Amino acid sequence: MRPEIPKVSVAVLYSKDDQSAIDAIDSVLKQQTEFAIEIVIGVRNPTTDSHPKLKELASRHADTVRIVRVGRDLKPNHIFAAVLKECSGQFVTVLDCDSVWLTESKLSRQVDYLERNPSCAICCHDVQCVDEAGAMLPTVVRPPDDSTLSVADLLQMDSIANTSAVVRRDLMKPPPDWLVVLSINAVRDWLVLYTTCGDIGYINKAMATILIHTGRQTALTDKLYHYRNLNLILRRLRRRLGTPYASQIADRLSQNHLNISDELEKQHRTEDADRHRQLCFLYGRWKSKLPLQTKFSYTIRPYGRLHSVAARCFELAVACKRSPPFVAFLTTTLICQPGWLLKIGRSTIGRGRAGFMDQYRVLEYLFGVSRQQYARWVRAFDTLTDADRTAVLRRIESMENRPTVSLLMTICNPSEDTLKTAIESVRNQLYANWQLCIVDDASGQPRVHRILKQYQKSDRRIHCSFHHEREHHWTSSNAALALASGEFVGILGNNDELAEHALYLVAEELNRNPDSDIIYSDEDRRDRNGRSIDPIFKTDWNPDMMLSCDMIGRLAVIRRQLVLNAGSFRAGFDGSEDYDLTLRCIEATSGDRIKHVPAILYHRGHHPLSIVAGSESAETFGEAGTRAIHEHLSRNGVDADVEYRGTPESPLYRVQYRLDNPPLVSVIIPTKDQVTLLQRCVNGLINETDYPRLEIIIVNNNSVQPKTHTYFECLRARTDIRIVDYNSAFNYSAINNFAVESANGDVICLLNNDTEVAEADWLREMVSHAVRDQIGAVGAKLLYPDDTIQHAGVLIGTGGATGHAFAGLPTDTPVTFGRLNLIQNVSCVTAACMVLRKSVYDAVGGFDEQDFPIGYSDVDLCLRMISAGYRIVWTPHARLYHHESASLGKTVTPQERERDRRERDTLRRRWSDRIAADPNMNPNVSISHVDYRPAFPPRTRKQWY
């Protein structure tokens with residue numbers, strides 16, 4: 001016997017007087033229970049003649065049914081709060097009167113469950129969904145019967161209906177008054193908040209049937225409202241109940257907004273999709289920003305040009321405990337003047353706005369990889385456990401080939417701590433077949449000698465040599481190389497560190513590919529406190545990027561015989577000896593023998609800025625690297641100029657291939673009307689492009705406006721412009737194939753009519769790459785009119801298919817590895833501005849007119865070039881503005897959306913291997929975003945399992 005007969009209050013939000021609503025309430029009255037039931041119905045100010053069916057039902061069950069009259073103009077959340085106040089039962093459930101029918105045992109089973117589990121605050125159950133025809137709809141898989149869930153579990157189950165929940169009212173400490181701040185789906189949000197008061201029980205039995213209106217067009221809108229309300233819940237949970245629940249909701253919100261962005265992308269609502277990706281970015285940050293007092297969500301919208309810059313402004317404001325007006329000020333200023341922050345730096349942000357942050361840290365914080373984000377990534381995916389170490393050692397024991405790796409280190413008066421740290425990082429290697437060769441270049445401190453001799457005595461794998469007079473760095477490096485006996489050699493700086501599994505992963509790669517000559521890994525930097533920052537996630541072997549910077553860097557392990565055959569380290573390359581040696585070794589091997597290990601295996605030590613700040617040393621450093629590249633090109637018979645454009649911390653170079661005999665270029669511009677855009681594009685070619693040999697082919701695809709044909713007549717007077725008519729339906733691939741057949745030039749330039757020339761030498765730069773034998777297609781840096789990035793190469797696999805790298809960032813954003821300023825190989829470039837030889841175009845068969853009539857045709861073309869042995873090049877030194885989709889417009893009709901989906905599915909099927917593992921996308925980098933942030937989780941598995 002129960003000590004007290006419980007009461008269950010059923011809160012009903014009544015909005016329409018139809019039979020389905022009356023049936024739903026009647027199913028409550030038919031419940032088989034031993035306890036009392038009260039039904040509290042909220043109705044907006046009923047008149048004498050309104051809701052006759054409801055009033056008739058209430059009169060028949062006067063002891064059970066009560067009607068609560070609320071204001072006519074109140075929102076649903078106000079009505080819900082008013083109804084809850086009238087509920088007096090120990091247990092409360094909500095009835096959605098939109099075609100819901102309950103089984104007779106529903107309430108009794110749930111109340112019994114809550115009484116048997118006093119720690120549970122809420123009990124849910126499964127529901128059966130049917131459509132208008134009565135056919136059963138599929139439901140998601142549920143957990144076992146009578147299981148206990150977490151808040152995150154509930155949030156993952158988006159299809160749990162409000163009607164399925166019964167809650168224990170006495171555990172709800174906050175009064176329901178605050179519910180009035182919610183909107184639209186207050187019931188669902190109230191249930192989510194209720195879960196923070198105790199456990200969540202779940203009964204795996206369908207005890208309600210819900211009619212799903214499959215013809216509704218508001219599903220997406222409903223989701224947006226729901227996510228917005230979860231945003232409000234997140235802030236209230238943060239202030240009222242602490243971090244754990246808020247973190248779970250933040251994780252769910254992130255996933256929600258990623259899902260919604262995919263749906264929006266299918267509808268080609270790209271700005272909305274970008275906005276939701278950005279909100280996802282923000283929610284992930286909120287978990288580590290306590291207390292959070294700043295409201296961002298829907299007041300400052302990161303559309304288009306803002307993207308991650310707005311998000312990082314928001315982060316900065318929160319970190320500095322700034323108010324919403326500061327966020328608005330900062331983001332609004334960046335909207336109007338993207339270069340503003342770079343210009344005023346320390347004077348405004350460093351002192352007056354951000355307080356403790358100096359100019360360098362502000363820029364790093366706003367435009368670099370978030371240190372907090374990377375720290376979380378390191379803890380989650382780049383930290384070995386004891387189980388990992390055991391598995392690695394077991395794997396090493398089973399290796400057939402265990403080559404010895406000799407590490408070369410040259411030192412001169414290093415600090416004791418950094419020297420010991422570097423040496424200990426080698427001694428702590430899980431892989432034991434190593435040799436450390438140290439040359440002391442006349443250090444004047446006796447303690448350095450003592451440390452080296454102690455290590456040499458304690459470990460036979462450590463070999464030391466001491467110079468009594470100061471030598472050049474290249475001489476000391478060759479002396480260290482002379483001590484080496486391993487099959488492979490690598491370089492270790494005296495204040496750098498190796499990850500403990502670094503040499504193991506090198507050996508693992510050599511076991512998989514024993515013919516490898518060069519193996520390199522990803523790397524990061526350690527700050528003065530020893531924390532990992534500034535990750536460099538590298539691509540697989542990228543020949544053109546290698547001529548723009550030392551992309552191999554460290555950890556680099558090279559076959560020792562290859563180093564000796566290349567002539568070892570050379571004089572005259574102070575500061576760039578490693579780069580020069582690597583370039584010479586590359587000449588003696590092939591690209592398929594250069595392997596990349598996508599893991600952070602090398603940690604560069606902290607270098608104070610003052611060490612590299614001297615202009616004289618910087619000039620010498622740049623000259624050495626420039627000379628190394630120039631000699632490498634000369635040895636390979638390439639005539640080019642090399643220009644140094646970096647800093648000692650980030651050395652970047654530009655290779656300009658000479659174009660002594662410029663070939664004729666046929667510029668192909670498809671168009672349909674849009675004469676204003678076309679005039680701007682053609683004027684840029686005629687008056688603002690310095691390339692000497694051009695023919696312009698304008699493909700008229702059914703233009704109808706008289707002013708367009710008038711303009712065509714004016715152009716026909718020129719000998720370097722031809723107007724050709726393509727009178728069939730729009731098919732981008734067919735139009736370009738048609739035009740290429742009539743082109744006279746040896747080089748083809750595919751150009752959209754909504755592009756605008758930004759710099760006069762853009763075409764010369766692109767053609768200089770396109771005429772190289774090994775190059776297939778060349779792409780340009782395309783900018784939106786506000787000087788943010790529209791195209792910096794196409795990433796394969798991002799967003800499920802493709803995405804434009806760094807889209808939306810300011811063009812001068814200092815992104816990782818300086819990639820926005822590097823000539824590099826990519827998997828694809830957009831045909832909005834693509835230059836290639838006509839012979840290459842013909843060799844791969846041109847565009848695929850059947851499978852890719854409009855979308856993804858350029859992606860497919862570039863991937864076919866790569867399969868044929870060509871490389872795709874993107875150059876930042878050819879700049880144009882692109883008013884994207886200004887001519888064609890955005891895909892909005894159902895037929896166009898279906899066509900886009902079909903083309904995307906075809907691309908995925910045809911190039912599934914490339915999409916799954918793009919060699920130009922490091923698996924540690926997120927494919928859900930285009931700004932090279934760390935992936936949570938990475939797309940790699942631990943090789944030792």
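Val439 stands opposite Ser465 in strand 12. This is a predicted model, in which local features need pLDDT of at least 70 and side-chain atom pairs count only at pLDDT 80 or more, while totals for chains, interfaces and linings use all residues. Residues are numbered from 1 along each chain as its sequence is written, and side-chain values use heavy atoms, with hydrogens and water left out.

**The whole protein**

- The protein has 31 helices and 32 strands; these are DSSP runs numbered from the N terminus, with helices being H or I of at least four residues and strands being E of at least two.
- Of its 945 residues, 55% count as buried, meaning under 20% relative accessible area, with exposed over 50% and partly exposed in between (1.4 Å probe, protein chains only).
- Among contacts between residues at least 6 apart in sequence, 79% join residues at least 24 apart, where contact means heavy atoms within 4.5 Å.

- Strand 11 (residues 434–441) is mostly covered, with 8 of its 8 residues buried.
- In a regular strand, side chains alternate between the two faces of the sheet.
- From strand 11, Trp434, Leu436, Ile438 and Asp440 point one way, while Gln435, Cys437, Val439 and Asp441 point the other way.
- Strand 10 (residues 405–411) pairs with strand 11 in the parallel sense over 7 bridges; two strands pair if DSSP finds at least two bridges between them.
- Ser406 has Gln435 of strand 11 as its bridge partner.
- Between strand 10 and strand 11 the chain passes through helix 16 (residues 416–427), in a right-handed β-α-β crossover; right-handed means that, with the strands pointing away from the viewer, the path from the first strand over the helix to the second runs clockwise.
- Strand 12 (residues 462–467) runs parallel to strand 11 and is joined to strand 11 by 6 bridges.
- A right-handed β-α-β unit is made by strand 11, helix 17 (residues 446–458) and strand 12.

**Helix 18**

- Ser476, Ser477, Ala480 and Leu481 are the buried residues of helix 18 (residues 473–483).
- These residues cover an arc of only 145 degrees around the axis, so they lie on the same side of helix 18; the arc is that of the directions from the helix axis to the C-beta atoms.
- The buried residues of helix 18 pack against strand 10, strand 11, strand 12, strand 13 (488–491) and helix 21 (560–566).

**Aromatic rings**

- The whole structure holds 10 aromatic pairs: rings of Phe, Tyr and Trp (its six-membered ring) pair if their centres lie within 6.5 Å, and planes under 30 degrees apart count as stacked, over 60 as edge-to-face and the rest as tilted.
- Tyr374 and Phe537 form an edge-to-face pair, 6.5 Å centre to centre with 75 degrees between the planes.
- Tyr374 lies in helix 14 (residues 371–381) and Phe537 in the loop between strand 16 (532–536) and helix 20 (543–546), so the pair ties together parts 163 residues apart in sequence.
- Tyr374 is buried at a relative accessible area of 1%, and Phe537 is buried at 6%.
- Tyr841 and Phe847 also form an edge-to-face pair, at 5.8 Å and 85 degrees.
- Tyr374, Trp377, Phe381 and Phe537 form one aromatic cluster.

**Charges over rings**

- The charged end of Lys453 sits over the ring of Phe466, 5.7 Å from its centre; this requires NZ of Lys or CZ of Arg within 6 Å of the ring centre and within 35 degrees of the ring normal.
- Arg627 lies over the face of Phe573, 5.2 Å from the ring centre.
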